[in-house]
Amino acid sequence: MRLAPHLHRLGNDTVACYLVDTDEGVTLVDAGLPGHWRDLQRELRSLGKSVDDVRGLVLTHGDSDHLGFAERLRSAHGVPVYVHAADAERARTGKKPPVATGPWRLGPALGFLGHALRKNGLRTRYLGAVTEVSDGDVLDLPGSPVIVGLPGHSPGSVAVHVPLADALFVGDALTTRHVLTGRRGPQPAPFTDDPAGALASLDRIADLPASWILPGHGAPWRTSPARVAEAVRAGGA
């Protein structure tokens, strides 16, 4: 789905990942669930492109519902996968600490599970290799994505800032639709390692120029990054 020039979303408000289209090729941000492979193929065809035009995949963090087709893309097509060094082991092995789920409702939680089943989300392929990145790195990929460390949801959670697309991809640093309660609007994401740290990290994006805030779960959000932290904190109150 085209959101704006250079900017496309794969998936839906339950689980989403993103595509940045440029004349130099394609950069992907997150890889959703394994079944999103078909969504990727369809979106690339609509652009007159193929997987051969994908230059890199940047992960906002190493959780399974963002790894989706990442290993398939890497092993079968040679596309490098970038992840913050603090989440590299998580992306390779799935190892993570137990976290509290917080509030939930039966209907939305079952809906999330059903969607994951339909998209083969219970068959995670962890990554055989990753390229580690750090806060402040500017990647040599289409759109020149900038890595902004947002530790909290996981130690290596990041935002990915792509000025060309006027976009800030935030992964699970926040959500605009809670997958366990169904509640809409900006709010903290569930399954977060360090909830207080995740909220504090949002101050790091306040000065970035972007009009699109793009989470891994929930609707795209048109707002200024300067307004994000306050809105998410209010949403979690």
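In this predicted model, Trp37 is buried, since its relative accessible area of 10% falls under the 20% that marks the limit of burial. Phe69 is likewise buried, with a relative accessible area of 2%.

The contacts of aromatic rings were then examined, a pair of such rings being described by the distance of the centres and the angle of the planes. Two aromatic pairs are present in the structure. In one of them, the ring centres of Tyr18 and Phe169 are 5.3 Å apart and the planes stand at 50°, so that the pair is classed as tilted. Because Tyr18 belongs to strand β3 (residues 16-22) and Phe169 to strand β10 (residues 167-171), this pair ties together parts that are 151 residues apart in sequence. Tyr18 counts as buried, at 2% relative accessibility, and Phe169 is buried as well, with a relative accessible area of 0%.

Trp37 and Phe69 also form an aromatic pair, which is edge-to-face, with a distance of 5.9 Å from centre to centre and an angle of 65° between the planes. Trp37 is located in helix α1 (residues 36-46), whereas Phe69 is found in the loop between α2 (64-67) and α3 (70-77), and the pair therefore ties together parts that are 32 residues apart in sequence.

A further contact involves a charged group and a ring: the charged end of Arg222 sits over the ring of Trp212, at 4.3 Å from the centre of that ring.

Notes
Residues numbered from 1 in each chain as written. Predicted model: local features only at pLDDT ≥ 70, side-chain atom pairs only at ≥ 80, totals over all residues. Heavy atoms only, no water. Phe/Tyr/Trp six-rings, centres within 6.5 Å; stacked < 30°, edge-to-face > 60°. Helix = DSSP H or I, 4+ residues; strand = E, 2+ residues; numbered from the N terminus. Buried < 20%, exposed > 50% of the residue type's maximum accessible area, 1.4 Å probe, protein only. Lys NZ or Arg CZ within 6 Å of the ring centre and 35° of its normal.
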